[in-house]
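Try each task yourself before reading the solution.

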Amino acid sequence: LGSEMMNTKNFHLAGTIIPSNYVLHASAASHQRESLVTALLSQRRMPDEGWDDASIEALLHEFALMDSNNFLNSVGGGEREARIYSDLVKRRHYRFGHGIGRSGDLDEVQPKAAGSSLMAKLTNYLVLDAVRTAGITRAEKAVVVPMATGMSLALTLLTLKQQRGEEAIYVLWPRIDQKSGLKCILTAGLTPVVVENILKGDEIVTDVEQLEHNITRLGAASIVGILSTSSCFAPRVPDDVVEISRLCKLHNIGHVINNAYGLQSSRTTHMINEACRIGRVDAIVQSTDKNFMVPVGGAIITGPDRAFVEKITRNYPGRASGSPTLDMFITLLSMGRQGYRDLLSSRKEMVVYLRAELAKLCEAYGERVLQVPGNQISLAVSINTKRFRHPTMLGSMLFARGVSGIRVFIPDPCPESTSHPHLHPHPRPHLHPRLHLHLHPHLHLHLHLPPPQERGFLAFLPDKQGQTSSTWASWASSPMVHILTIILVH
């Protein structure tokens with residue numbers, strides 16, 4: 001990157017110290033990186049090809065030097081001057097210390113932090129481009145929020161509540177057992193109205209008729225909106241956001257979509273895009289870590305209504321951490337548009353691969369992959385509970401072998417917690433792996449099954465006191481567990 005320290009004049013002077021032809025080559029390389037920055041500032045979208053790390057770091061250092069805390073001979077007399085005690089912390093954040101936004105607006109520019117503000121603005125442009133690339137082409141604005149999905153949903157609902165008036169206190173919520181969905185409504189000081197789902201074949205789907213019944217029963221004026229969910233664990237399928245958007249438009253109530261990890265599924269993003277086209281969608285909230293492989297701590301709020309997204313940013317109290325923004329800026333520059341498309345395409349191929357390999361395994365053990373075509377992120381595999389004394393141990397067993405995130409669901413007619421993937425009781429026990437970005441079939445899978453008389457391994461479990469029995473080694477090293485581990489990891 002051609003910085004002010006090595007501008008045209010300084011390159012010329014360098015040519016009087018070392019051979020000028022060497023300096024000319026170095027200057028040309030610097031101009032190449034300058035062109036990357038010029039394209040970024042003018043086009044305001046992800047680069048077609050990802051940048052190398054040296055170019056990204058050079059740009060970050062340039063931006064950091066634009067902040068007042070990094071000025072030469074700067075004396076900060078205020079209470080917040082990006083003072084950082086630890087050099088390690090300073091290097092971790094590339095010398096950015098002012099955060100993003102101002103006390104009245106998350107999207108506002110800071111006078112003392114031109115570099116941080118520029119990075120934040122550019123990141124929101126890059127994120128909007130990524131959202132559109134993923135399939136939500138009707139998104140008009142996107143902003144990275146330094147809170148995870150649940151708190152970002154709460155902020156969104158609070159903003160929607162302000163538009164609806166004092167009488168509006170209810171949020172209609174098609175049931176799904178993910179705590180953040182329920183808690184974000186309660187945190188916003190609103191009252192959830194839980195709408196049961198219905199079972200169609202193996203799939204748990206939205207009961208649109210019950211949603212409409214509740215709108216009529218409560219009255220549209222008393223309803224803030226509907227909080228729908230577009231990413232979930234099979235056999236639950238994403239809510240019918242298209243029909244829900246029609247309902248919201250018809251009755252003039254709000255519609256917020258919890259798209260936590262749905263941005264990576266083209267089927268989900270196209271469904272959301274259609275909802276934006278024909279009905280009402282106020283905001284779509286998704287996680288940064290689940291969709292872009294960055295550390296936990298951020299969310300993306302986007303939507304077809306630019307003005308509403310801007311209202312959300314103005315409702316954020318105080319200044320905000322710049323860490324999630326910095327992570328997204330680095331990642332999207334590194335990934336590039338083509339790299340992102342390749343990841344989306346690879347994930348889609350892995351759905352087909354995992355479904356086929358699980359089907360082979362299930363056939364050998366008398367199980368089956370549940371038919372849930374409406375969910376293209378998560379799969380569900382039946383479990384014969386007669387083989388188990390404690391069926392949920394299968395999830396623990398996989399976790400012990402480095403396979404995390406695999407949940408086992410056992411029907412409970414009276415669930416007391418919100419730890420299951422869906423609230424409507426599914427009649428079949430199952431486990432459900434999910435397909436996210438960056439899962440690759442590195443190893444070819446070979447199934448070496450034991451003879452039929454040895455396939456009852458799942459009966460071997462620790463006793464009630466938690467002591468491992470002598471048969472534990474046989475159970476823990478059984479072929480089904482290792483085969484399933486290979487499928488899920490690779």
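**What helix H8 packs against**

The buried residues of H8 make contact with strand E2 (170–174), strand E3 (191–195), strand E6 (223–229) and H9; contact means heavy atoms within 4.5 Å. Helices (H or I, at least four residues) and strands (E, at least two) are DSSP runs, numbered from the N terminus. This is a predicted model, where local features need pLDDT of at least 70, side-chain atom pairs count only at pLDDT 80 or more, and totals for chains, interfaces and linings use all residues. Residues are numbered from 1 along each chain as its sequence is written, and side-chain values use heavy atoms, leaving out hydrogens and water.

**Exercise 1.** Find which residues in H8 are buried.

*Solution.* Start with the list: Val208, Leu211, Asn214 and Ile215 are buried (under 20% relative accessible area, with a 1.4 Å probe and protein chains only). Next, look down the axis of H8: the buried residues fall within an arc of 120 degrees, so they line one face of the helix. The arc is taken from the directions from the helix axis to the C-beta atoms.

**Exercise 2.** Work out which residues of H8 and H9 meet.

*Solution.* From H8 (residues 208–218) take Val208, Leu211, Glu212 and Ile215. Their partners in H9 (residues 241–251) are Glu243, Ile244, Leu247, Leu250 and His251. Now sort this contact by class: you get 6 nonpolar, 1 polar and 2 charged residues. Here Ala, Val, Leu, Ile, Met, Phe, Trp, Tyr, Cys and Pro count as nonpolar, Asp, Glu, Lys and Arg as charged, and the others, Gly among them, as polar.

Terms used
Axes are lines fitted to C-alpha atoms, for helices over the stretch in contact, and angles run from 0 to 180 degrees between N-to-C directions. Buried means under 20% relative accessible area, exposed over 50%, partly exposed in between (1.4 Å probe, protein chains only).
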